[in-house]
Amino acid sequence: MCANPMNLNIFINETDDARFVVFVTNIITKLVAQSCPRQIFVMKVDNWFDHKWLNFSGIGSVGFFWGLNAPDTALDPFSQDKTTFPPFNPNRIIGESYFLRDSNGEYVPSLDAPLVHQRKFVLSAQNLQNRVTHFSDSAVFVWLSSNTKSNARGSLMVYEVSGSEVHTWYAGFVQKGDWTVLHTKGISRDEVTVLAKHTLSEARK
């Protein structure tokens, strides 16, 4: 059993549009209420990011040959069958919030959080082995963009983990009066709209 997680206080700063924060917080709340994970991780990314980060594992080496006897390698964007965390530059992760479900089913913030993104550079080969299911088997991982106040656009990326299954999706938003869904990947616009529907009146305040 889990309680309805109505008070998720995620990391915010002066660059965030308050209405966008309400918008995505309530989307997260609805997701969590549906799946009841053991853990919630929310990562704040410096500036907007696009859908190419979804299921992106890093840069892998791809072999090829010049002529008959001259092996060489090239670097190529890489995704794996086993989902890994997106390898954002450590400098782009400006905050992480962590919530753990307690014995009463409530989600409480914890300072004793395992970091999803290490605060140092690692080799691409290490990123390729940074599998989500090795980190947790019951969690919702969320990445959201900052600078939404000046950009008037926002990003939300979600990895939902249950056992060995990982469901991933991305949604981009634009501010045209209200915040609205611009495009999606891994989920339909209608589904995101349904998740966000109950937030629209609150986001206007």
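Biologist: Let's start with helix H1. How many residues does H1 have, and how far does it reach?
Modeller: H1 covers residues 18-35, which is 18 residues, and its first and last C-alpha atoms are 26 Å apart. That is close to the 26 Å expected at 1.5 Å a residue. Keep in mind that this is a predicted model.

Biologist: Which residues of H1 are buried?
Modeller: The buried ones are Phe20, Val21, Phe23, Val24, Thr25, Asn26, Ile27, Ile28, Thr29, Leu31 and Val32.

Biologist: And what goes on at the two ends of H1?
Modeller: At the start, a side-chain oxygen of Asp17 comes to within 3.0 Å of the backbone nitrogen of Arg19. Just after the helix, Cys36 has a positive phi of about 55 degrees.

Biologist: Where is Cys36, and how exposed is it?
Modeller: Cys36 sits in the loop between H1 and S1. Cys36 counts as partly exposed because its relative accessibility is 21%.

Biologist: Which other residue has a positive phi without being glycine?
Modeller: Asn47 is one, with phi near 75 degrees. Asn47 is in the loop between S1 and strand S2 (58-66). Its relative accessibility is 32%, so Asn47 counts as partly exposed.

Biologist: OK, switching to strands. Is S6 buried or exposed?
Modeller: Buried. Eight of the eight residues of S6 (residues 138-145) are buried, so the strand is largely enclosed by the rest of the structure.

Biologist: Which residues are on each side of S6?
Modeller: One side has Ser138, Val140, Val142 and Leu144, and the other has Ala139, Phe141, Trp143 and Ser145. Both faces are covered.

Biologist: Which strands are joined to S6, and do they run parallel or antiparallel?
Modeller: Strand S1 (residues 39-45) is joined to S6 by seven bridges, and the two run parallel. Strand S7 (residues 153-162) is also joined to S6 by seven bridges, but that pair runs antiparallel.

Biologist: What does Gln39 touch?
Modeller: Leaving out residues up to four places away in sequence, Gln39 touches Tyr98, Phe99, Leu100, Ser136, Ser138, Ala139 and Val140. With Ser136 there is a side-chain to side-chain polar contact of 2.6 Å.

Biologist: What about S8 and S9?
Modeller: Strand S8 (residues 165-176) and strand S9 (residues 178-185) run antiparallel and are joined by seven bridges. They form a hairpin with one residue between them, and Gly177 in the turn has a positive phi of about 80 degrees. Within the pair, Val174 stands opposite Thr180 in S9.

Biologist: I was also looking at Phe85. Where does Phe85 lie?
Modeller: Phe85 is in the loop between strand S3 (70-78) and strand S4 (93-101). Its relative accessibility is 2%, so Phe85 counts as buried. The C-alpha of Phe85 is 7.9 Å from that of Val116, and these two are 31 residues apart along the chain.

Biologist: Now the big picture: how many helices and strands are there?
Modeller: The protein chain has six helices and nine strands. It has 205 residues, of which 42% count as buried. Among contacts with a separation of 6 or more, 65% are between residues 24 or more positions apart. The chain exposes about 11,000 Å², with carbon and sulfur atoms supplying 52% of that.

Biologist: And the confidence? Where does pLDDT stay under 50?
Modeller: Over residues 61-80 and again over residues 199-205. The model has 37 contacts beyond four places in sequence for residues 61-80, and 13 for residues 199-205. The chain averages a pLDDT of 80, and 76% of the residues score at least 70.

Terms used:
Residues are numbered from 1 along each chain as its sequence is written. Side-chain values use heavy atoms; hydrogens and water are left out. Helices (H or I, at least four residues) and strands (E, at least two) are DSSP runs, numbered from the N terminus. The expected span of a helix is 1.5 Å times one less than its number of residues. Buried means under 20% relative accessible area, exposed over 50%, partly exposed in between (1.4 Å probe, protein chains only). A polar contact is a pair of N or O atoms within 3.5 Å; within protein, one must be able to donate a hydrogen and the other to accept it, and residues adjacent in sequence count only if both atoms are side-chain atoms. pLDDT is the predictor's confidence in each residue, from 0 to 100. Contact means heavy atoms within 4.5 Å. Two strands pair if DSSP finds at least two bridges between them. Accessible areas come from the Shrake-Rupley method with a 1.4 Å probe; for residues, only the protein chains shown count as cover.
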